[in-house]
Amino acid sequence: MRKVTGVIVGLAIVTGGMLLSAADAPPPWAYGFAGPAPATPPPAAPPGGRAGAPPAAAPAPDDGALKHLPGSSGAFTITQIRDAFGPADWYPGDHPTMPDVVAHGRRPDVRACSLCHYPNGKGRPENAGVSGLPVSYFMQTMADFRNGARKSADSRKGNTNVMIAIAKGMTEDETKAAAEYFGSMKWTPWIKVVEAATVPKTRIAGGMFLRNEGSETEPIADRIIETPENVEGTEVLRDARSGFIAYVPPGSVKRGEALVKSGGGGKTTQCAVCHGADLTGLGPVPGIAGRSPSYMVRQLYDMQQGVRKGVWSDLMKPVVANLTDADMLAIAAYTASR
C-alpha cells in the first residue's frame, strides 16, 4: 500500500503544489470514479466544467409527469426537481425556513445550496453533508474555496470547480446566511455501514455509485462502495429522506476504531483530541461521526497531498502524513459507523 515518506514528498513537490505520481494516485472510488486518472494529466476543468473527465451520463428525460414521494404533499416534474435555481423541496417541515441563497441561489454562478446538499443539509457521497457544521468552520471552508486553498487531488472531479465558482460568486452576507442556516440543524446520521466481501455491481452517475438492476455482485477489494438505499429516490427524485448504504471491507471498522481511538501506535493522532470524545465536534472543529466515508477519504487524501490547504488543513497535515490508503479507508469506515 502507498505510504507517504519525506523522500517521496520531497520529490513530488513542484512549483505551485504537489505532483502525484502513478504510484501515489488518489483512490478513484473515493472521488466517484471506477479507475485511476490517466497517466497524462487532463487539462484543468474550468469553473463549472469537467474538462478531461469522462462524459457524464445523460440525465433522465423529463416526461412532464408530476412525481410524488411518500410523506410529501409536493408534486414536481423532473425539471423542477433538478432546477439549479429553485429545486424541489419535498419536506419543508423537516427544516427551518431556507435563506434565499439556500433555496434559490443567484444567477449566473451561485446555484441553490439545496440542490446538491438538500434542504436538510444531508448531502450525498459526491459532495458533503453540511448540516451541523460550526458557523466559523463553514465560513472558513467557503473562504478556502474562494481563495484557491481548497481543490481536489483528482482533477476529474468537476463539482469541486463548481463549488469554487459558487464560493466566488456568493457575498459575505449570503455565505453567513447559509452557514447559520445549516449550522442550526443537528447532524443525524443516515448512512448504514455494512462489512461485506462482495457488493452489488454498480454504475457511476455524477460521481455516485448506483446499484445495477438484478442481483450481480463483485468483490469489494480495497474500496468503500457508498450507494443509495433507493436508487431512483436519490438519483432522479432527490429524496432528502432516502439514505445510503456504505459497503466496507470485512474488518475495516475494527481496524479504523484502533486508529481513531489510539492513533495506531503513533501512526496518527487520536481523533477525539480535536473532534470530541463522541466525534460530534468540539467548538469550531466539525463533527466526523456518521458522515459520508467517501467524503472523509477525499478530505484526508487531499490534505495529505497538499491540495486542500488553509487553517484547519495545516493542523491536520501531521495527523494524516503517515496514513496509507488502507488507513484512510478504515478510519472512514469507523467514523461513518458512529
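**Talking through the model**

Mentor: Let's start with two helices. α11 and α12 are roughly perpendicular to each other, because their axes cross at roughly 95° and 65 to 115 degrees counts as roughly perpendicular. Keep in mind that this is a predicted model.

Trainee: Which residues make the contact?
Mentor: From α11, Leu 300, Met 303 and Gln 304. From α12, Ser 313, Met 316, Lys 317 and Val 320.

Trainee: Zooming out, how many helices and strands does the protein chain have?
Mentor: It has 13 helices and nine strands. Of its 338 residues, 52% are buried.

Trainee: Now the sheet with β3. What is the strand order?
Mentor: The order is β3-β9-β8. It is an open sheet of three strands with mixed pairing. The edge strands are β3 (191–195) and β8 (225–228), and each pairs on one side only. Neighbouring strands are turned by 25° against each other on average, direction ignored.

Trainee: How many bridges join β3 to β9?
Mentor: Five, and the two strands run parallel. β9 spans residues 244–248. Glu 195 stands opposite Val 248 in β9.

Trainee: Which helix packs on that sheet?
Mentor: Helix α9, residues 252–262. It touches β3 and β9, and its direction makes about 110° with that of β3.

Trainee: Which residues of α9 are buried?
Mentor: Ser 252, Val 253, Gly 256, Leu 259 and Val 260. They sit on the same side of α9, because they cover an arc of only 125° around the axis.

Trainee: And what covers them?
Mentor: The cover includes β3, β9 and α13 (325–337). Look just after α9 as well: Gly 263 takes a positive phi of about 85°.

Trainee: New topic. Where is Asp 154?
Mentor: In the loop between α5 (135–147) and α6 (158–169).

Trainee: Is Asp 154 buried or exposed?
Mentor: Buried, because its relative accessible area is 3% and the cut-off is under 20%.

Trainee: What does the side chain of Asp 154 make a polar contact with?
Mentor: The side chain of Arg 156, at 2.8 Å. Leaving aside residues up to four places away in sequence, Asp 154 touches Pro 26, Tyr 31, Phe 33 and Ala 37.

Trainee: What about Thr 188? Where is its place?
Mentor: Thr 188 is in the loop between α7 (172–183) and β3. Thr 188 counts as partly exposed, at 41% relative accessibility. Thr 188 and Arg 291 are 103 residues apart in sequence, and 8.9 Å apart in space, C-alpha to C-alpha.

Trainee: Last one. What do β5 and β6 form?
Mentor: A hairpin, with two residues between the strands. Gly 206 in the turn has a positive phi of about 60°. β5 (202–205) and β6 (208–211) pair in the antiparallel sense over four bridges. Ile 204 stands opposite Phe 209 in β6.

How values were computed:
Residues numbered from 1 in each chain as written. Predicted model: local features only at pLDDT ≥ 70, side-chain atom pairs only at ≥ 80, totals over all residues. Heavy atoms only, no water. Pairing = 2+ DSSP bridges. Axes fitted to C-alpha atoms, helices over the stretch in contact; angles between N-to-C directions. Contact = heavy atoms within 4.5 Å. Buried < 20%, exposed > 50% of the residue type's maximum accessible area, 1.4 Å probe, protein only. Polar contact = N/O pair within 3.5 Å; in protein donor to acceptor, adjacent residues only side chain to side chain. Arc of directions from axis to C-beta. Parallel < 35°, antiparallel > 145°, perpendicular 65-115°, else oblique.
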